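Okay, thanks for coming, everyone. Let me put the model up and we'll walk through it together.

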Amino acid sequence: MMASFYGHDVDLATMRRRFTPSFRGAPLSSLIKIADQVGLLPRAVKLPLEELPNLALPAILHWNMNHYVVIERVSGDKALIHDPAGRSEWLQMSEVSDHFTGVALELRPNEAFEKKTERTVLRWSQLWTRINGLGSSFLQVIVLSVVLQIYVLALPYYLQIGIDNALPALDHDLLAVLALGFGLFTAFNASASFLRSFVILAAGSALGFGIASNIARKLFRLPLDWFQKREVGDILSRFQSVTPIQKMLTEGVAGTLVDGLLALTTLAIMFFYSAKLAIIALTAFFLYFVVRLISFSFERRAQEGSIIAHGKEQTALIETIRGIQTFRLYNSETMRHAMWQTLLTDAVNANIRSSRIGIWQTTGNALLFGLENVVTIYLAIGFVMNGGFSVGMVFAYLAYKGQFLEKAGNLVDQGMAFLMLRLHLERLADIALEEDDRSFAPSSMAVTELKGRMELKSVSYRYSPTDPLVLQEIDFSVEAGEHVAITGPSGMGKSTLLKVMLGLLLPQSGEVAVDGLPLQQFGHKSFRDQIAAVLQDDNLFAGSIADNITLFAEQADLEAIADAARASAIHDEIMKMPMQYETLVGDMGSSLSGGQKQRVLLARALYRKPKMLFLDEGTSHMDAANEARVNHSIRSLGITRIVVAHRQETIAAADRVLYMDGEGLRPLAPPKEVISLQLGESLSTR
Ligand SMILES: Nc1ncnc2c1ncn2[C@@H]1O[C@H](COP(=O)(O)OP(=O)(O)OP(=O)(O)O)[C@@H](O)[C@H]1O
């Protein structure tokens, strides 16, 4: 917003892609860094509320101790505040005081600042690649709509002939013929309407399915860190942007074309009846158009606020359901309910703000078109009195005018809805324009046989450009068949390191090499086909134990499932369950114990017959006997093992132990010596 104010017109999606903060949000120091990269000179100031008008506006204010807003203007006792949650409003200074923490950031362009436009726009065509037959359905909808509109055009004429010709002459035959003719026309019209609805239903469903499927395909291919920076409700609400787009593309576009055509035709007919009356209707329509145009930016902001607020509410609801055990345990349901209710209130208020604009518009329209009608009727009856119009013509004209205003109004509404779709497109662009994970790049499709050697050369990684480095120039290597344990204090980056090794996170610098080849050259897919991992946040999914071991493979190898379960020391326990391998587990994993769940996850890893196995606390929930059994069976496989662990027994089983702390990764050898030490104490004194 600040960059746009000074002439660097850049959209949120582009900024987000370039500077996505991690989940933790961005501290002031990060904002300063981002501002600097955009060419804005930052000046952080601490100031009391009364001095806000003295800031170089617009400026950034620290808000509610948890985020930042933009203050655009101060006028008297009020300030215009733009909240990134989509809300922009004038607040009383007393309200500002409730939220403002006293810290502000002034930003002015520096000498490197460039006025330019940087917008990545999602093209419509990018949404429906792979959907066939859309063109012909669209054509059918247009043809059928035109048929319907001819009927609508002809109907007022029936009224006019009936009143002007049949009524004065008391000509029952003419009236009967007219009724029969228009009756048949009505039946024809009903069939066209029926067909049109079916075509729209079929095309709309195909389009909706196609777009949703394209977006889902894209979503499932996004890099892991994309998901780590977003909330689940936000992702879901972005997905829901497919619905208005699909609706607009099927009904809207065809309807708009036909409405446009019909509005022009009726307008021409109206001019044929009376130019004076037609100009009055046209003026009313023009005023309506101007009002819609002026209120558009308010509508857009209100709708965006509503979507964002609903996303937050959904996230809270999903998290509460998933975490119900924790909330129950801490008697926090009431608190959680209150918190969710606050978010729901925000969402409802956002809806109200959006609907309020609609109410103003409806009232304005009723007044505008009501007055227009009064004037038209007044003049039209005057025309009849002067002999310029017949009574039938008044009725017919009013019917045509009604049609014109309805269709032209629809045209404007659809036009505005079309502009509003940019909001949905921008939200979808966050998914659709993001680059696929590197593993989907053609250069990563090589198929190479894995021997099991891995080397990390000077690897550095941070979760976002504004976060500190978690891994700094890490060097590491493991030979084929070797068993390496990595240990060290919590939060030092062991799990992150493992994810970098797995190719799930892309290091900012350095290289991950497999069997002497850079991972990209080795082939990500091929690498992942030949390795397996049990990570700390791995989950079971709703389905049977067998499904979970094979990860829902269509052609499951029952013998291999049992072998993997035996190697994971879980087979006997599964066989004692009433449904054995068909026993169902929930996505919230409730029917298995922690240790059982971990052994099923390990069976999932071993089912793939990996040549390298990565475990991040992958045996931490097992009892010593089970862990020893598991260790024994994995050792007999002779595969490379990289294990992150805190438990001494786990570390002791390794050939080599590495210790990771704030200074990096260093060897601790020999392992037997390590376990004889009390890890925490001895290392801190090293
Ligand atoms: N998605 C994320 N976004 C931002 N920071 C993260 C993210 N995940 C982890 N971190 C941070 O990165 C650092 C390293 O985390 P990591 O999970 O790799 O540590 P760890 O050594 O495996 O810890 P533990 O032994 O407790 O599992 C921590 O400071 C953590 O807070």
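**Spans and rings**

So, start with residues 174-191: the span is 100% helix and 0% strand, with its end C-alpha atoms 26 Å apart. Residues 198-216 are also 100% helix and 0% strand, and there the end C-alpha atoms lie 26 Å apart. Helices here are DSSP runs of H or I with at least four residues, strands are E runs of at least two, and both are numbered from the N terminus.

Quick housekeeping. This is a predicted model, so local features need pLDDT of at least 70 and side-chain atom pairs pLDDT 80 or more, while totals for chains, interfaces and linings use all residues. Residues are numbered from 1 along each chain as its sequence is written, and side-chain values use heavy atoms, leaving out hydrogens and water.

Now the rings. The whole structure has 10 aromatic pairs. Rings of Phe, Tyr and Trp (its six-membered ring) pair if their centres lie within 6.5 Å; planes under 30 degrees apart are stacked, over 60 edge-to-face, the rest tilted. Phe 272 and Tyr 273 have planes at 85 degrees and centres 6.3 Å apart, so that pair is edge-to-face.

Is Tyr 273 buried or exposed? Buried, at 13% relative accessible area, whereas Phe 272 is exposed at 72%. Buried means under 20%, exposed over 50%, partly exposed in between, with a 1.4 Å probe and protein chains only.

Tyr 273 also pairs with Tyr 400, tilted, at 5.9 Å and 50 degrees. That links helix 9 (residues 242-273) to helix 13 (residues 391-432), 127 residues apart. Tyr 400 is buried too, at 5%.
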